[in-house]
Amino acid sequence: MAQPERVVAPAVAPRPWSDEVLYFVVVDRFADGDATNNLQVDVKAPGTFHGGDFKGLREQLDELSSLGVTALWITPVVKNIDGFVTGAGFPDWGYHGYWAEDFHQLDPRFGSEQELKALVDAAHQRGIRVLLDVVYNHPGYNSHYLKDPQTSGWLRSEEQGTCGQDDVTSCVSGLPDFKTERPEVASYLLDAQLAWGKRSGVDGFRLDTVKHVDHPFWREHRRRTREELGPDFFLLGEVWGGDRESLDPWFSGDELDAGFDFSFQGSALAWLQGRGRTVAFDAYLRSRHKVRKGYLLSHFLSSHDVPGALFQLSGDKARFRLAALLQLTTTGMPAIYYGEEVGRPGGDWPANRGDMPWGERHVAPGAGLPRDESLRQFYQKLIALRRAHPALSRGSHKGLATEGDVYTFLRHDSESGDAVVVVVNRGDKKASVSVPWPEAWGGAAARDLLDGGGLEPGPTLEITVEALSARILGRAL
């Protein structure tokens, strides 16, 4: 009897990266899953290792999937220098991963290669892509690369008095600077990092200190990642201070897929604090849509290198909620910094790299640190709305009311027909706004996507917003 033909389910088309919600974790500060790999751990000191590792992050992945995030960016994983530096006024170790000692080894304090691969596999099982942070510009302070006669000539350094004055030849933060323009140096670094990409199965790289490495290197990097790691391997670059215009040289040469928009944090917080006109903030958000077609901006409210938004807002959670809402309803790939969704206070460096708060859960190193579950639920709702409404990630942007304290804008995705109106009141009084009924809604009623309730169709959309509050409105189904 003939066997029935096996039906193979069609492969699910991958999400475009423009739809991803990225979550950034400093591995050492998130979750400690294996106490046996803890070396020089002191959770009370700001510059020491605190014990976080691959196993701990893997065991807490449901924290991310239940939040709704779809992509995870982790700090560098290669072996870091064994000692510490004291330039900051306290012992400062390479817990963050950016001070490499050996690009061919993993740092044992984070775990084994098998545990890294298990982390990536477990993330993929939850539909979460993974970006690995890699550094090409420099190793760590006093790294063996500087001391080994075979490699000391690969570097500029303050010790040798060979640091330059421009972006490519300067020694960033006094770190030894790789002469990546030399073919043998470029090949060594590329071979090492691409091998980690291949063996771990990550979906892309977050690239550190991009403007401190020359364009020919990045073009070769793009060629090799596509050839060796796949045509869709994603490259997200950090050009310090980057925005749509300053990132374009790396987009025009197809060296990156995306870059960080450093201007979003300052623009959003300034507007929320009343330090900028609404029409100017609207012009800024519209300008972000002028990014070169096919390339992305990634916008953040907090990071490991800048004071976080909640800290800059002096702990004002009402305004912080509005900042999160603006981040998750505007174009680009939003990057959430670990713990800001539960109110981790952050602060100036090094306080902006504190431990993930776990509240009553017995997860080291942040067990017992308070967390705001209502804020996390607000993030869950915003992320769910962004994922459910393509207008919020892919749609056009149109300011509907751009004067005074109530800012109203329309996001519209012509392909799906989805349209969402966002209304934000930065003022300390209840306010109302009247704008034309969106054409994309036709004669359908509107629904409050955040808090429920409906609005009957009419020639205008009449909206009342409480002080320091927002509404997100969509077409009723």
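In the predicted model, the second largest pocket has a volume of about 570 Å³. Its lining comprises 24 residues, and those nearest the centre of this pocket are Val 172, Ser 173, Leu 175, Asp 305 and Arg 353. Divided by class, the lining of the second largest pocket holds eleven nonpolar, seven polar and six charged residues.

The largest pocket, for its part, has a volume of about 780 Å³. It is lined by 32 residues, of which Trp 17, Ser 18, Gly 294, Tyr 295 and Leu 296 are the closest to its centre. Two or more residues of this lining are given by each of the elements α6 (215-229), β11 (296-299) and α13 (390-394), with α6 giving the most, namely three residues. In terms of residue class, twelve charged residues stand in the lining of the largest pocket beside eleven nonpolar and nine polar ones.

Rolling a probe the size of a water molecule over the atoms shows where empty space is left. By the rule applied to this model, three cavities of 30 Å³ or more are counted. The largest cavity has a volume of about 110 Å³, and of the 13 residues that line this cavity, Trp 73, Phe 260, Phe 300, Ser 303 and His 304 are the closest to its centre. Seven nonpolar residues, three polar residues and three charged residues make up the lining of the largest cavity.

For the second largest cavity the volume is about 80 Å³. Among the residues that line this cavity are Ser 302, Ser 303, Gly 308, Tyr 337, Glu 340, Arg 344 and Asn 352. Helix α10 (residues 309-312) contributes the largest share of the lining of the second largest cavity, with three residues. The class composition of this lining is five nonpolar, five polar and two charged residues.

Helix packing was considered next. Two packed helices are described by the angle between their axes and the distance between the axes. The axes of helix α8 (residues 263-272) and helix α11 (residues 317-328) come within 10 Å and cross at roughly 135 degrees, which means that α8 is oblique to α11. The crossing by which α8 passes α11 is right-handed. On the α8 side, the residues that meet α11 are Phe 264, Leu 269, Trp 271 and Leu 272, while α11 takes part through Arg 319, Leu 322, Ala 323, Leu 326 and Gln 327. The residues of this contact between α8 and α11 comprise seven nonpolar, one polar and one charged.

Several features of the backbone remain to be described. Most residues other than glycine have a negative phi, and most peptide bonds are trans. In this model, the peptide bond from Trp 349 to Pro 350 is cis, with omega near 5 degrees, and Pro 350 is placed in the loop between β12 (335-337) and α12 (373-388). The bond that joins Ala 364 to Pro 365 is likewise a cis peptide bond, with omega near 0 degrees, and Pro 365 lies in the loop between β12 and α12. Gln 40, although not a glycine, has a positive phi of about 50 degrees; Gln 40 is located in the loop between β1 (22-25) and α1 (54-59).

Definitions and conventions. Residues are numbered from 1 along each chain as its sequence is written. This is a predicted model: local features need pLDDT of at least 70, side-chain atom pairs count only at pLDDT 80 or more; totals for chains, interfaces and linings use all residues. Side-chain values use heavy atoms; hydrogens and water are left out. On a 1 Å grid over the protein atoms alone, a cavity is a set of points where a 1.4 Å probe fits but cannot get out, and a pocket is an open set with protein on both sides within 12 Å along at least five of seven lines; lining residues have an atom within 4 Å of a point. Grid points are joined across faces, edges and corners, and a volume is the space filled by probe spheres set on the points. Helices (H or I, at least four residues) and strands (E, at least two) are DSSP runs, numbered from the N terminus. Ala, Val, Leu, Ile, Met, Phe, Trp, Tyr, Cys and Pro count as nonpolar, Asp, Glu, Lys and Arg as charged, and the others, Gly among them, as polar. Axes are lines fitted to C-alpha atoms, for helices over the stretch in contact, and angles run from 0 to 180 degrees between N-to-C directions. Angles under 35 degrees count as roughly parallel, over 145 as roughly antiparallel, 65 to 115 as roughly perpendicular and the rest as oblique. A crossing is left-handed if the near helix is turned anticlockwise from the far one by less than a right angle, and right-handed if clockwise. Contact means heavy atoms within 4.5 Å.
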